[in-house]
Amino acid sequence: MPSSHSQFMWFFSVYSFLFLYLRMHQTNNARFLDLLWRHVLSICLVTVALLVSYSRPISEFFLIRDTSLIPNILWFEYTVTRAEARNRQRKLGTKLQ
């Protein structure tokens with residue numbers, strides 16, 4: 001799961017990118033500097049989002065905290081699924097007799 005910082009930065013980057021290219025689409029009378037500004041800003045937004053996404057797993061606090069519960073979750077899913085299958089077999093077995 002990406003951190004909330006990464007999710008927000010990607011949301012902001014994509015929203016701003018779409019705003020720049022879809023809502024501000026007056027390219028027929030735009031000057032070269034306006035077009036350059038739009039491209040540079042979109043590249044900067046994507047770069048910042050990539051840097052935030054990259055920096056989150058580097059911090060050991062987030063990496064250890066986020067991944068230490070995965071075996072517990074997998075074990076829980078396994079035991080619940082197994083118990084559910086056993087209960088279904090019991091119900092099917094009693095109905096057939």
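## How exposure is described

A residue is called buried when its relative accessible area is under 20%, exposed when that area is over 50%, and partly exposed in between, using a 1.4 Å probe and protein chains only. By this scale, Tyr-78 is partly exposed, at 43% relative accessibility.

The model is predicted, so local features need pLDDT of at least 70 and side-chain atom pairs count only at pLDDT 80 or more, while totals for chains, interfaces and linings use all residues. Residues are numbered from 1 along each chain as its sequence is written, and side-chain values use heavy atoms, with hydrogens and water left out.

## Annotated spans

An unreviewed UniProt entry lists residues 7-24 and 36-55 under "transmembrane region"; positions follow the numbering used here, feature names are shortened, and annotations may be inferred rather than shown by experiment. Residues 7-24 are 94% helix and 0% strand, with end C-alpha atoms 24 Å apart, and residues 36-55 are 100% helix and 0% strand, with end C-alpha atoms 28 Å apart. Helices (H or I, at least four residues) and strands (E, at least two) are DSSP runs, numbered from the N terminus.

## Aromatic pairs

Four aromatic pairs are found in the whole structure. Phe-11 and Tyr-15 form a stacked pair, because their ring centres lie 6.0 Å apart and their planes meet at 25°. Rings of Phe, Tyr and Trp (its six-membered ring) pair if their centres lie within 6.5 Å, and planes under 30 degrees apart count as stacked, over 60 as edge-to-face and the rest as tilted. Both Phe-11 and Tyr-15 belong to helix H1 (residues 4-23), four residues apart.
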